[in-house]
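Visitor: I have not looked at this one before. Can you walk me through it, piece by piece?

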Amino acid sequence: MKDTSLGQMLVAAAILLVLALLPIYAAVAAQPFYLTLFTRIVILAIAAASLNLILGYGGMVSFGHAVYIGIGGYTVGILAHYGINDGYIQWPLALAISALAALVIGALSLRTRGVYFIMITLAFSQMIFYVAAGLDEFGGDDGLTIYSRSQFGPPVDLNNKTAFYYICLVVLVLCLGITWRLVNSRFGMALQGSRSNDRRMRAIGFATYRYRLVGFVIAGTMCGLAGALLANHTDFISPAMMHWTRSGDLIFMVILGGMGSLFGPVVGAIAYLMLEELLSRVTEYWQIIFGPLLILVVLFAKGGIGGLLTGQRRG
Amino acid sequence: MAEPLLQVEGLVKRFGGIVATDQLSLEVRPGEVHAIIGPNGAGKTTLIAQLTGEIRPDSGHVRFLGRDITRLPMHRRSRLGLARSFQITSIFADFTALDNVALAVQAQAGHSFRFWRDARRESELRQPALAALTQVGLGARAGDPASSLSHGEHRQLEIAMALATRPKMLLLDEPMAGMGPEESSRLVEILRGFKGSFATLLVEHDMEAVFALADRITVLVYGRVIATGTPDQVRENAEVRQAYLGEEQRGAPSHG
């Protein structure tokens, strides 16, 4: 499936424009809250985009993807706890540890299929969740406050909310760009072929396990970066970052926006978090409205919201 | 006589109490069309699955190009030049016809850990793919989604994908199944064109096609080979007539 239709490009351009202009709106409307909300949206869009690489393009239903948010976040938080605030140490380490975790989890999980794969990725994420909850040195269940954000030296200053927002946005655009190149490369064709028909792929000579594993590691690494950003955004880490319901949220964002389309996860993250925000203002029991809405999208808009916007439906 | 391309020796496969493959031996020579026929339940599909590596035999050997491949996994056999098409159409439905075949070309072009260049713009993938599509008569449908192709065209696409892996031998599992007479005679012509360039092992129920195409035929009953020979030899074989073709039939038998 190619994502080069005019409608899709227009939607993508419109979204990027809105995201780029948002801090100006927040400043003019004197609503700094929007900047905070959208920083969170952009960060979770990165995580959702990384999940989309394996879920949407690779057909791997990982139900433990938030664990890499946790790993990325904890790497930054723990280093900060020991006074190591250098971003050039924190972030590469967050990426490396996420990649390593994804390599181990993927190497074992990808030997299974279907519901077993879902369960084993969930099991791994629960395991790491409980490990984090047991780390009393780092606050255990209650989490850990980060007193200083990652430092990159001038001119990059993560303490400036607008600057931080734009850094997140640039990271998102880079991740989307990388995803775009990946899915259209030979590697991406192998990955998508294995989603479509893994048995056939092996019959024509692909050792699909390796490609799926590399895709899994790339996605985990990208999500770890989202974790490092999120820890800086909230100045706080806790096991809740990687609770299994967070993994569920990411899956919903991907499905809501449209699986296997480049901008789907961005649309999904915006829709999911905006709805959550708006509905929770209306009623305390906002999930009662939110749940049925998600069901409707899954049932009637197979290409997600992104598919509705561009008039495309996936089979 | 040239060295056989594929050599099967004493192959045995049991499923519980049922012997699906019973001391089966078989040879396929380079460039020939070798058909396997037999009534339902004769173990044809089980045999193909053992040749492609989907099922492991309990005993016996499979040699390809003189090399023992009995325990080689599926994708390695394909790399050696053993290509197959599936009984049930097995394609990449979300890709275009050309993408499907290009993926098969890519499978033979070394590893696919290439992360940057647009694979749909690589002429070393697209050109051989288009050539294979044209060879099976699907050149005009290259850009159409594979899911929009007709049943007969899916089979042609299957064969184009097998061709694109530059096989030394093609395993075709009932390629004519579900085809109309026009579609299947077109496929017979396409398959006839492969003679000499690589060997074809054909499992097929359409007897007209088998007797029109095959250089040699092996007849399977209850997992055993009861006869091997040219179409004429098989037609005249008394055991074959009794077991399979039916005594009353003369000349080229019809559907089995």
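Visitor: How many bridges join strand β1 to strand β2 of chain B, and which way do the two run?
Guide: This is a predicted model. In it, β1 (residues 6-15) and β2 (residues 18-28) of chain B run antiparallel and are joined by 7 bridges. One of the pairs is B:L11, whose bridge partner in β2(B) is B:L24.

Visitor: What do β1(B) and β2(B) form?
Guide: A hairpin, with 2 residues between the strands. B:G16 sits in the turn and has a positive phi of about 60°.

Visitor: What sheet do they belong to, and in what order do the strands come?
Guide: The sheet is open, has 4 strands with antiparallel pairing, and its order is β2-β1-β4-β5 of chain B. β2 and β5 (67-68) of chain B are at the edges with a single partner strand each, so one side of each has no neighbour in the sheet.

Visitor: And how many bridges pair β1(B) with β4(B)?
Guide: There are 5 bridges between β1(B) and β4(B) (residues 59-64), in the antiparallel sense. B:L6 stands opposite B:F64 there. Helix α1 (residues 44-52) of chain B packs on this sheet and touches β1, β2 and β4 of chain B. The direction of that helix makes about 60° with that of β2(B).

Visitor: Next, the sheet of 6 strands. What is its order?
Guide: The order is β6-β7-β8-β3-β9-β10 in chain B; this sheet is open too, and its pairing is mixed. Its edge strands, β6 (82-85) and β10 (224-229) of chain B, each pair on one side only. On average, neighbouring strands are turned by 15° against each other, direction ignored.

Visitor: Do β7 and β8 of chain B run parallel or antiparallel?
Guide: Parallel: 5 bridges join β7 (residues 169-173) to β8 (residues 199-203) of chain B. The bridge partner of B:M169 is B:A199 in β8(B). Helix α5 (residues 151-164) of chain B packs on the sheet, where it touches β6 and β7 of chain B. Its direction makes about 170° with that of β6(B).

Visitor: Which domains does the assignment give for chain B?
Guide: Domain 1 covers 1-81 + 167-256, and domain 2 covers 92-165, according to the domain assignment. Their centres, taken over C-alpha atoms, are separated by 26 Å. The contact takes 10 residues from domain 1 and 8 residues from domain 2 of chain B. On the domain 1 side, helix α6 (residues 181-192) of chain B gives the largest share, 4 residues. By class, that side has 6 nonpolar, 2 polar and 2 charged residues.

Visitor: Over to chain A. How do α1 and α2 of chain A cross?
Guide: The axes of α1 (residues 6-28) and α2 (residues 32-57) of chain A come within 8 Å and cross at roughly 160°. α1(A) and α2(A) are therefore roughly antiparallel to each other, and their crossing is left-handed.

Visitor: Which residues make that contact?
Guide: Among them are A:L19, A:L22 and A:Y25 of α1(A), with A:L35, A:F38 and A:V42 of α2(A). The contact has 10 nonpolar residues, no polar and no charged.

Visitor: And at what angle do α4(A) and α8(A) pack?
Guide: About 145°, with the axes of α4 (residues 87-109) of chain A and α8(A) 8 Å apart. This crossing is right-handed. The residues that meet include A:W91 and A:L95 in α4(A), and A:F216 and A:V217 in α8(A). Its residues divide into 14 nonpolar, 7 polar and no charged.

Visitor: Where is the cis peptide bond at A:P155?
Guide: The bond runs from A:P154 to A:P155, with omega near 5°. A:P155 is in the loop between β1 (144-145) and α6 of chain A.

Visitor: Last one. How many residues of each chain are in contact with the other?
Guide: 23 residues of chain A are in contact with 29 residues of chain B. On the chain A side, α6 (161-184), α7 (186-203) and α8 (208-234) each give two or more residues. α7(A) gives the most, with 11 residues. By class, the chain A side has 11 nonpolar, 7 polar and 5 charged residues.

Note on methods. Residues are numbered from 1 along each chain as its sequence is written. Chains are lettered from A and ligands numbered from 1 in the order in which they are written. This is a predicted model: local features need pLDDT of at least 70, side-chain atom pairs count only at pLDDT 80 or more; totals for chains, interfaces and linings use all residues. Two residues are in contact if their C-beta atoms, placed from the backbone, lie within 7 Å. Ala, Val, Leu, Ile, Met, Phe, Trp, Tyr, Cys and Pro count as nonpolar, Asp, Glu, Lys and Arg as charged, and the others, Gly among them, as polar. Two strands pair if DSSP finds at least two bridges between them. Axes are lines fitted to C-alpha atoms, for helices over the stretch in contact, and angles run from 0 to 180 degrees between N-to-C directions. Angles under 35 degrees count as roughly parallel, over 145 as roughly antiparallel, 65 to 115 as roughly perpendicular and the rest as oblique. A crossing is left-handed if the near helix is turned anticlockwise from the far one by less than a right angle, and right-handed if clockwise. Domain bounds come from an automatic or database domain assignment.
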